[in-house]
Amino acid sequence: MDDKQLGKVLTVNLHDYKVPTALDAPADKTVLTVDLHDTFSSTGAKGVGEPATIPTAPAIASAVFHATGLRLTDAPMSPARVLRALQAQKPAPAGQKKGGA
Amino acid sequence: MLETFGYVRPGTLAEAVRLLSAPGARAHAGGTDLVGCLRDEVFHAKAVVSLTKLEELRGIAPTADGGLRIGALTTIAEIAAHAAITAKYAALAQAASLVASPQLRNQGTIGGNLCQRPRCWYFRGDYACTRKGGEMCYAIGGENQYHAIFGGGACWIVHPSDTAPALVALDATLRLAGPKGARTVPAGKFFVLPDDNARKETVLEAGELVTDVLLPPPVAGQTSAYRKVRARGSWDFAMAGLAHASIVKAGKVADVRLVLSGVAPIPWRLQAVEKLVIGQKIDAKLIAKATELAVVGAKPLEQNAYKVPLVRGILEEALGKLI
C-alpha cells in the first residue's frame, strides 16, 4: 500500500503486509486430489501450484456473495471492506432472496 | 543498515539506571522491538544497555499481600502459561497468549511489551511525523485503517500492547526505577495521550525503566477475560480488543473494569459504561445502552470507521457472557 500523499510504500514488513497464514484457513477442510492424465504434456504431468491461485479470490468473492448478497470485486475482501459495502447497500426490494445460487 | 552502537550489560539495577541516564542510551530486554526500531531508524542508540543480567527482574512470585509480582524481564510466554495467572488473572494470561507469534512470546518480555513503540506505518516509516518531532500526523488524511478512533489529536497511533489493557482492567501497579529512585504507578496512569505529550507513550522519564508488574490479590468472585480481534489468525496487532475484570453478584454487576485495545493511543478505559452497568442487572436493554455509550465521542478517520461497530460488538459479546 502506498501513501497517497507522498507515494511511499507503507507496507514494508509482514506486520503491515498481512499475508494470511495457516491459522486463517478453516480447520475442517477436505482436500480431494483428482487423478487426471494430461494429454498436453510429454509426461502426462500437470502443474498444481499456480492454477490453485487463480480461482481463490473468485471463490472468496462468491462466499461473500452467498453470505451477504454483495458482489465484491476488490481483493482483499477484508472485514472492514465487507462492512463498508454492507453499510452502503440500499435495502433490497421486498421478496428478493439474498445470495445463494 | 544498523548503525554501530556501544553495548553494555550491567550486573546491578543501580548500574543499569546510571547507564540508561546517559543521552542516547536504550534499554534492551528481549530486543524484539529494539532491533526493529534501530533497523528502521525510528530512533538511534549510542549505547544499548542490556538488562539481561539482572536476574532480580525475572520471574513470577507471590507478594506479601497475596498478589503476584511479575519481574519486568519475564517473558510473555511464561506469563501466558503460568498456573496462578491463568487461574486468577485470566485476562492477562489470555492477552499474553495472543501477543505476536510463539517466537516473539518466547523472546519478548512484559516490560518490553508495555514500553514498545507504536506500529503506525508513518511513525515506523520515513516520515517526520509529530511523534518523531515533526509537524504533522500523516495518518490524518493518509492511510489510517488501523489508527485511533479515540484520544487522537496531535497523533493518531493506537497503543499496540495486548497485556496493557489486561493489566489496567486487573488494576495492576507498575514499579519503576530511575535516577531519582523507585516509584510505583497504577497501570492505568502509565500511558500518555498525544495531547499531553506526542513524543512518548509512557510516563517513563530519562533513565527510568519498569522493574516489576504488581497484581493485587485476587478478588473473590472476579472473572476476567481479554478478547482480541485482528485481521488474521496469527501474528497480528489488535484492530480492537477488550479486557474486562468483573464481579457479578446475585445477577447484578457489583464491579467492572472495561479497557479497550487497538482503538486509542493508550489502553482506553470505558468509565462511562462501567458507571452505567455497575449495580444493574445485565439484560438486552442495558447492553444496548452500554454499546451506544461506549462509542460516544469516537472520532473515526476516513478508513477506520469499522472500529465503531467493532467496539460495540466486542462489548456486547463481553457483557452478554456476564449474564
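**Starting point.** I'm working from a predicted model, so I kept that in mind throughout.

**The parallel sheet.** I began with an open sheet in chain B, made of 3 strands in the order β1-β3-β2, with parallel pairing. Its edge strands are β1 (6-8) and β2 (25-28) of chain B, and each of them pairs on one side only. I looked up the twist too: from one strand to the next it averages 25°.

**One pairing up close.** Which residue is the bridge partner of B:His28 in β3(B)? I traced it to B:Ser50.

**A helix on the sheet.** Helix α1 (residues 13-20) of chain B packs on this sheet and touches β1, β2 and β3 of chain B. I noted an angle of about 160° between the direction of the helix and that of β3(B).

**Over to β8.** Then I turned to strand β8 (residues 209-215) of chain B. Is it mostly covered or uncovered? It is mostly covered, with 6 of its 7 residues buried.

**Partners of β8.** I looked up two strands that pair with β8(B). Strand β5 (residues 68-71) of chain B runs antiparallel to β8(B), joined by 4 bridges. There I found B:Arg69 opposite B:Leu214 of β8(B). Strand β6 (residues 173-178) of chain B also runs antiparallel to β8(B), and this pairing has 5 bridges. Here B:Leu174 has B:Val213 in β8(B) as its bridge partner.

Strands in a sheet pair through backbone hydrogen bonds, in either a parallel or an antiparallel way.

Technical notes
Residues are numbered from 1 along each chain as its sequence is written. Chains are lettered from A and ligands numbered from 1 in the order in which they are written. This is a predicted model: local features need pLDDT of at least 70, side-chain atom pairs count only at pLDDT 80 or more; totals for chains, interfaces and linings use all residues. A residue is buried if 20 or more other C-beta atoms lie within 10 Å of its own, exposed if 12 or fewer, and partly exposed in between; C-beta atoms are placed from the backbone. Two strands pair if DSSP finds at least two bridges between them. Axes are lines fitted to C-alpha atoms, for helices over the stretch in contact, and angles run from 0 to 180 degrees between N-to-C directions. Two residues are in contact if their C-beta atoms, placed from the backbone, lie within 7 Å.
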